[in-house]
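Hello,

I am passing on the structure we spoke about. Please look it over first; my notes on what was found in it follow.

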Amino acid sequence: MHATAAIAPAAAMESLVRPALAGRTAVVTGSTSGIGLGIARALAGQGARVVINGFGVASEIEKLRDEMTRRYAVPVLYSPADMSRADAIGMMIDETVRSLGPVDILVNNAGIQHVAPIEDFAPAKWDQIIAINLTAAFHTTRAVIAGMKARKWGRIVNIASAHGLVASPFKSAYVAAKHGIIGLTKVTAMEGAECGVTANAICPGYVWTPLVERQIDDQAKSHGVTRDAVIRDVLLAQQPNKRFATVEEIGALTAFLCGPGGASITGTALPVDGGWTAH
Ligand code: NAD
């Protein structure tokens, strides 16, 4: 025991006390609530400087930013950039670099949902979902990947969905966007592989967040059943473990992929779905 302690390298000892992501700068899109907020908390908890992004009441977001800054003892900034606008995305990345330094970790999480049969699916809704759930990840990745490659380190985590792997009716735009972001993830992984840049997609099944809560009423209308029936027979019907995942679970996996244990994991689409896509 004594001998082992005596020869422990200094770097290994330091890693016991230094949070895994200390000194890294992370941008998490769509992180004023739900999964994105869980991820932003997990990254800040590992010492990363974090930019949170998304919509909400300005005073509540400021309270959240202040609480996170104090709790995790790292700088936390807020960007109101609208992920459906390429110019706003560019400004968010520029401001991050100016305020916190180059982006080391990018989490593309912002996403919206709309449920309707294809024949009733409003084209404007289709465009909006593709823009926020897919095209935004292209713009953010395009803005940061050259720097990551030059610095020989980068982590890109795209929050896809079980719906990136399988389909459900009435979710044409969402399923198309989520399948698309898994394709983008694979290409990003290929392009970053020799330069220390990893890219992975996380594919959650149902996670208890405001987005799911809102779907319950939409689905109840589409299927003509009660909220309880939607939860039991529609949402969790496909999820064999019969429980919603938590935002903390998705946050922990993201932090793992961004930390030293994730260095060789790239180009994957990791289901976190209680067995749904094992069917
Ligand atoms: P949520 O509605 O709780 O949060 C979405 C976040 O995105 C919010 O911060 C919102 O302000 C932000 N946002 C929405 N439109 C935006 C825009 N145009 N620009 C910038 N920010 C915008 O949703 P959630 O459930 O936490 O979902 C987060 C991600 O996880 C989405 O990509 C979603 O598709 C995916 N996902 C969720 C579940 C689930 O069960 N909740 C399952 C699989 C995948």
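How much space lies in the largest cavity? The answer is about 40 Å³. Keep in mind that this is a predicted model. A search of the whole structure turns up one cavity of 30 Å³ or more.

The residues that line the largest cavity are Thr29, Asn108, Asn109, Ala110, Ile132, Asn133, Ala136, Ala137 and Ile181. Helix H6, residues 123-151, contributes the most to this lining, with four residues. By class, the lining has five nonpolar and four polar residues, and no charged ones.

The space it takes is the largest pocket. Helices H3 (34-45), H7 (172-192) and H8 (210-223) are the elements that give two or more residues to the shell around the ligand. Of these, H8 gives the most, with four residues.

In total, 31 residues surround the ligand, and the closest are Thr32, Asn109, Tyr174, Val207 and Thr209. The shell divides into 16 nonpolar, twelve polar and three charged residues.

- Thr209: a polar side-chain atom lies 2.4 Å from a ligand oxygen.
- Phe55: a backbone N or O atom lies 2.8 Å from a ligand oxygen.
- Lys178: an N or O atom of the side chain is 2.9 Å from a ligand oxygen.

Taken alone, the ligand exposes 830 Å², and the protein buries 95% of that.

Regards

Terms used: Residues numbered from 1 in each chain as written. Predicted model: local features only at pLDDT ≥ 70, side-chain atom pairs only at ≥ 80, totals over all residues. Heavy atoms only, no water. 1 Å grid on protein atoms, 1.4 Å probe; cavity = no way out; pocket = protein on both sides within 12 Å on 5 of 7 lines; lining within 4 Å. Points joined across faces, edges and corners; volume = space filled by probe spheres on them. Nonpolar A, V, L, I, M, F, W, Y, C, P; charged D, E, K, R; others polar. Near = heavy atom within 4 Å. Polar contact = N/O pair within 3.5 Å; in protein donor to acceptor, adjacent residues only side chain to side chain. Areas by Shrake-Rupley, 256 points an atom, 1.4 Å probe, with all protein chains shown as cover. Sits in = over half its atoms within 2 Å of the grid points.
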